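Let's go through this model together, one question at a time. Have the coordinates open and follow along.

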Amino acid sequence: MYDSIIFDLDGTLWDETHVTARAWERVLENHPEAEPAIIIDSNTVGLNMGLTCEEVAKILFPTLPFEDAMRLMDESCEYENLWLAESGAVLYPKVEKTLCLLKSRGKRLFIVSNCQDGYIEAFLMGHGFADLFDDFECSGRTGLTKGENIRLIISRNSLKDPVYVGDTVSDSEGAEDAGIPFIYAKYGFGEKFDRGRVEKYDASIDSFDQLDVIFQ
């Protein structure tokens, strides 16, 4: 019954925590004077996926002036976007096959994520997915909340019956804020990293290819 599907990215379409951790290794090598409040590894990255860059900067470097913390964030994001565009990351099983199937059935596909500008473009380039998605938006480009960016995508593309697919409480809240149904990707970061139990959803999937059944 849905004519369009808006996807979250991290924890829904792919897991790129190892690339982010690698980017931070490079940043901290370049800035030995910067001491993060927590160890930055793949687990730490997963715990904070879905937050905006500004929120992550405050968590990692609470004692630094915000401007300095954001400069470190920007440097990490530059490395991350470059590496992801070149080699991609770990797609969840059957993501490409399922996306192509949904597209062939006439579903319009979109992405909304709380990520930095250029990150979604790196995902599309790294995996050759540019032709699959009609449009995308992120907080790093607009400065808006997830719900506001979902509404922006809906308005910009004149969507009639969209649904949002994501893996965390913030994704559920974003869909609710935008006034559209939510499909909970239970395999993603939300449950894996104990990010809070998602209680509000219209359907759930344990693997990405189960979308095939929902959108038959």
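Q: How are α1 and α4 oriented to each other?
A: This is a predicted model, in which local features need pLDDT of at least 70, side-chain atom pairs count only at pLDDT 80 or more, and totals for chains, interfaces and linings use all residues. Residues are numbered from 1 along each chain as its sequence is written, and side-chain values use heavy atoms, with hydrogens and water left out. The axes of α1 (residues 17-30) and α4 come within 9 Å and cross at roughly 130°, where axes are lines fitted to C-alpha atoms, for helices over the stretch in contact, and angles run from 0 to 180 degrees between N-to-C directions. Angles under 35 degrees count as roughly parallel, over 145 as roughly antiparallel, 65 to 115 as roughly perpendicular and the rest as oblique, so α1 and α4 are oblique.

Q: How many nonpolar residues does the contact of α1 with α4 have?
A: Contact here means heavy atoms within 4.5 Å. On the α1 side the residues include W24 and V27, and they meet α4 residues including Y79 and W83. Ala, Val, Leu, Ile, Met, Phe, Trp, Tyr, Cys and Pro count as nonpolar, Asp, Glu, Lys and Arg as charged, and the others, Gly among them, as polar. The contact of α1 with α4 has 3 polar residues, 4 charged ones and, for the class you asked about, 9 nonpolar.

Q: How are α8 and α9 oriented to each other?
A: The axes of α8 (residues 146-156) and α9 (residues 169-178) come within 7 Å. They cross at roughly 50°, and α8 and α9 are therefore oblique.

Q: Is Q116 buried or exposed?
A: Q116 sits in the loop between β4 (108-113) and α6 (119-127). Its relative accessible area is 9%; with a 1.4 Å probe and protein chains only, under 20% is buried, over 50% exposed and in between partly exposed. Q116 is therefore buried.

Q: Which residue has a side chain joined to that of Q116 by a polar contact of 2.8 Å?
A: A polar contact is a pair of N or O atoms within 3.5 Å; within protein, one must be able to donate a hydrogen and the other to accept it, and residues adjacent in sequence count only if both atoms are side-chain atoms. The partner in the 2.8 Å contact of Q116 is E80.

Terms used. Helix = DSSP H or I, 4+ residues; strand = E, 2+ residues; numbered from the N terminus.
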